[in-house]
Structure formats: C-alpha cells, structure tokens
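Work through the exercises below with the sequence and the 3D structure open. Try each task before reading its solution.

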Amino acid sequence: MHINLTAVAKANAGFLERVKAASGQDVAQCYQCGKCTAGCPVGYAMDEPPTRIMRLLQLSLKDEVLNSNAIWLCSTCATCTTRCPKDIDIAGVMDSLRIMAKREGRIKAVRSIDLFNDVFLGSVRKYGRVHELGVGMGHNLRTYKPFKDADIGTGLMLKGRMKLLPSKIKGQGEIARIFNEVRKLEEAE
Ligand code: SF4
Ligand code: SF4
C-alpha cells in the first residue's frame, strides 16, 4: 500500500500533540528498540503491536492507530512501560488512545470489548470490586449471547471460585470519589 506521509501529516496535524497532552508521554522519544513488543503478553494477537503503534503515532497515521485492535486488546499490564529504556508509559498511551477511539465512535469492530469495559467498570463503580458473575452475565446479555460460557460459570460457582452474590468493599466512598474525579477530568477536556 502506498502512503503519502506528507499528506497524512498535513491531514492529521495536531494528532500527535493531542496524544501527548492526553497521555503526558512523548512518543517521539521512542527509538524502536522493540522491548515493549517483546514483553507484551497479547502482542501476538495484536494487528499493530506496541512498537508499531509508537511508530504509527510518530508518523501521525491516526486511522491506523485508532482503528487498530491493539489498543483494545491491551490489558494495561504495564510490562511495556517497565521495560521501555526511554521511560515512555506505553500502557498510559494505550489508555489515552482507547479513550480517543471511543470518543470518535471507532468501536464497531471491537464492540464486544468496549461493552466488556463498560460492564466491568460498572461493577467496580457499584461494588468497589468486580463481581465476576454479574460482569459475565451483563456482557452476555448486552452481546445477545445469554448462555455463552454458562457451563464454565456453573463449574466455577460449584467449586466456590465465583460468588453468586456481589459484595461491597469498605471504602466505597473512595471509589465514588475516584469516579467523580475522572468524570470532572473528562468534562474539563
Ligand atoms: S500494557 Fe498493553 S501493550 Fe503494554 S505489555 Fe501490557 S498488554 Fe502489551
Ligand atoms: S520499549 Fe520504548 S523505546 Fe523501545 S520500542 Fe517500545 S516504546 Fe519505543
């Protein structure tokens, strides 16, 4: 595929600066050593592993970055961040890219992952921790697959590995405060 980088840079002017402002990271510092990708546990499944995401960002290839499945498969494990010799918080960059992609409605191909994020965070907001059964059932219902993995869930419950009912943590107020702070930050952007 032929890409006119000059035209792309012109069309996506400001994109790199927006990523920098959102993540606080200067991806221009990346010198493509590949350590982030070498340690990434889900890099094998990504269309654009972390090293390539960094390079695509440097080239302002916005569509390639924001339409990639990589930013959604990233589990925020931060292995890449701890390995980077340039101290770039790549996990933080991935987070910012997910937010940008979602705001631009670029979630069609990864709708299921986006829904999982919503259900997962909803559980944390409500209980202060994840209620696995509720998250699984919530995701199944929202993806119209009510009985998906029902056998696995039943097995886990019978072995006491998954609780039927949710329980709340003690510091519930702190969780509410964190969610409020995040909402304020979003509104200020
Ligand atoms: S934070 Fe994301 S990109 Fe980095 S190593 Fe973990 S899964 Fe891979
Ligand atoms: S580890 Fe850091 S410098 Fe190396 S490729 Fe990844 S982001 Fe770039």
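**Exercise 1.** In which loop does Asp87 lie?

Solution. The model is predicted: local features need pLDDT of at least 70, side-chain atom pairs count only at pLDDT 80 or more, and totals for chains, interfaces and linings use all residues. Residues are numbered from 1 along each chain as its sequence is written, while chains are lettered from A and ligands numbered from 1 in the order in which they are written.
Step 1: find the helices, which are DSSP runs of H or I with at least four residues, numbered from the N terminus, as are strands (E, at least two). Step 2: take H7 (79–83) and H8 (90–103). Asp87 lies in the loop between H7 and H8.

**Exercise 2.** Describe the backbone and the exposure of Asp87 and of Thr76.

Solution. Step 1: Asp87 is not a glycine, yet its phi is positive, about 55°. Step 2: apply the exposure rule, which places C-beta atoms from the backbone and counts the others within 10 Å of a residue's own: 20 or more is buried, 12 or fewer is exposed, and in between is partly exposed. Asp87 has 10 other C-beta atoms within 10 Å, so Asp87 is exposed.
Step 2: turn to Thr76, in the loop between helix H6 (70–73) and H7. Thr76 also is not a glycine and has a positive phi, about 60°. Thr76 is exposed because 12 other C-beta atoms lie within 10 Å.

**Exercise 3.** Describe the shell around ligand 1.

Solution. Step 1: collect the residues near the ligand, meaning those whose C-beta atom, placed from the backbone, lies within 6 Å of it. There are 16 around ligand 1, and the closest are Cys40, Cys74, Cys77, Cys80 and Ala91. Step 2: assign them to elements. H7 and H8 each supply at least two residues, and H8 gives the most, with three. Step 3: sort by class, with Ala, Val, Leu, Ile, Met, Phe, Trp, Tyr, Cys and Pro as nonpolar, Asp, Glu, Lys and Arg as charged, and the others, Gly among them, as polar. The shell around ligand 1 has 11 nonpolar, five polar and no charged residues.
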